[in-house]
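This report goes through one protein model, from its secondary structure to its cores, salt bridges and surface.

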Amino acid sequence: MTALLFYGDTERSPAMRHELPVTIGDPFLLGVVDGQLHVMASDLERSRVEAVAPDAVLHDYDALGFRELLGTGISRHELELELASRAVAAMGIREATVDPEMPVAVADRLRADGIVLHVDDKAIAARRRAKSALELAGIRRAQAAAEAGMSAAAELLRRAGTGGGRLMVDGEVLTAESVRAAVRDACQARGAPAPPDIIVSSPWSGFGHDPGSGPLPADLPIVIDLWPRDEESGCWADMTRTFVVGEVSEQVRAMEALVLEAIERAREAVAPGITGRELYDLVCDVFEPAGYRTQRTERAEDPMEGFQFALGHGVGLALHEPP
């Protein structure tokens, strides 16, 4: 069985967080050799590693010669590469499958040591396609936070009146920034903070992933897209809703009916074995006969025209994952 090697930190690397479900912010080397987990880390991390992976072999910095290397005057970068090299030797690895996200400098050093590295995105991704119980629980907590955040936004919009084409709450103009703050507060209270660029957008401000800014309009669609991350597990949820406060135009009502039909068709078709592409084709078969462009048709000059986005995506330790 070919060994696996990873280098990075578990805050930013979904692949490493799956192998070792604890937050370590400093970069370190992680290996899987004959099914045995190996972790190169400071002794400061020992208790945390043992709590989640009691059978892991810890390759402590000091045992690898950290203090000796400090005394040589080499740079921090060179020191980290030398420790990684020594840790791989201590793990007994001569050939390994690696994550495409492995830093070039680390890969170059290991190859210079004679280690054979195979970059294999499919093999690495396959290890976390099936979620662990901890990850599933984290996704559910993140989704509960997303629903709380969306409810907070809905409550603000529900309280809003209209004036001069704008939304007003308690005599003040309701802005994208104030709705965004309410959403983030609600998510934070559920233990799943949402990033500062979650989307509260309208035809007045932004498109796509533009977070939106300024006053929110009456009688026009307002899109809220939020993606909180569960602090305990590092897992994400993602949720989007469209609101109209005031008069709903016939055009928007017609689009709402089409979207609802498409969602229900996709929901009814979801079953083991069906692919995301098949589901996407199914909903395009709703939009295209109604005159709306999709990714299957010639793209319009206006990127807002038609159904130009994905039908959905998986979530997990990365915000966008294969389902």
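Helices (H or I, at least four residues) and strands (E, at least two) are DSSP runs, numbered from the N terminus. The model is predicted: local features need pLDDT of at least 70 and side-chain atom pairs count only at pLDDT 80 or more, while totals for chains, interfaces and linings use all residues. Residues are numbered from 1 along each chain as its sequence is written, and side-chain values use heavy atoms, with hydrogens and water left out.

## Overall dimensions

The protein has 10 helices and 12 strands. Taken along the principal axes, its C-alpha atoms fill a box of roughly 70 × 45 × 35 Å. Of the 323 residues, 41% are buried; buried means under 20% relative accessible area, exposed over 50%, and partly exposed in between, with a 1.4 Å probe and protein chains only. A contact requires heavy atoms within 4.5 Å. Among contacts with a separation of 6 or more, 52% join residues 24 or more positions apart.

## Nonpolar cores

In soluble globular proteins, nonpolar side chains tend to be buried together. A nonpolar core is here a set of buried Ala, Val, Leu, Ile, Met, Phe, Trp, Tyr and Cys residues joined through side-chain atoms within 4.5 Å. The largest such core has 43 residues, and those with the most contacts inside it are Leu5, Leu20, Ile93 and Leu117. At least two residues of this core come from each of β1 (3-8), α1 (14-19), β2 (28-33), β3 (36-41), α3 (66-70), α4 (76-91), β5 (95-98) and α5 (104-112). Helix α4 gives the largest share, 7 residues. Beyond its neighbours within four places in sequence, Ile93 is in contact with Ala3, Leu5, Val33, Val88 and Ile115. Another core lies apart from this one; it has 31 residues, among them Ala146, Ala194, Leu226 and Leu319.

## Helix α4

Helix α4 has 16 residues and spans 22 Å from its first C-alpha to its last, close to the 22 Å expected at 1.5 Å a residue. The expected span is 1.5 Å times one less than the number of residues in the helix. Which residues of α4 are buried? They are Leu79, Leu81, Glu82, Leu83, Ala84, Ser85, Ala87, Val88 and Met91. These buried residues pack against β1, β2, β3, β4 (57-60), α3 and α5. Just after α4, Gly92 takes a positive phi of about 75°.

## Salt bridges

A salt bridge is a side-chain nitrogen of Lys or Arg within 4 Å of a carboxyl oxygen of Asp or Glu. The whole structure contains 23 of them.

| Pair | N to O distance | Relative accessible area |
|---|---|---|
| Asp9 and Arg12 | 2.6 Å | Asp9 6%, Arg12 65% |
| Asp43 and Arg46 | 2.6 Å | Asp43 43%, Arg46 31% |
| Glu155 and Arg158 | 2.9 Å | Glu155 39%, Arg158 61% |

Asp9 counts as buried because its relative accessibility is 6%, whereas Arg12, at 65%, is exposed. Asp43 is partly exposed, and Arg46 is partly exposed. Glu155 and Arg158 both lie in helix α7 (residues 133-159), 3 residues apart, which is about one turn of the helix. Arg158 is exposed and Glu155 is partly exposed. Through shared partners, salt bridges also join Glu68, Glu82, Arg86, Arg109 and Asp113 into one network. Of these residues, Glu82 is one of the buried residues of α4.

## The loop at Gly25

Gly25 is found in the loop between α1 and β2 and is partly exposed because its relative accessibility is 35%. Not counting residues up to four places away in sequence, Gly25 touches Asp9, Glu11 and Arg12. Gly25 and Arg12 are 13 residues apart along the chain, and their C-alpha atoms are separated by 8.3 Å.

## Surface

The accessible surface comes to about 17,100 Å², with 52% belonging to carbon and sulfur atoms. Accessible areas come from the Shrake-Rupley method with a 1.4 Å probe; for residues, only the protein chains shown count as cover. Phe207, Met304 and Phe309 make a nonpolar surface patch of about 310 Å². Patches are made of residues with over 30% relative accessible area and no salt bridge, like charges being joined within 9 Å and nonpolar side chains (Val, Leu, Ile, Met, Phe, Trp, Tyr) within 5 Å. Met304 lies in the segment after α10 (276-287).
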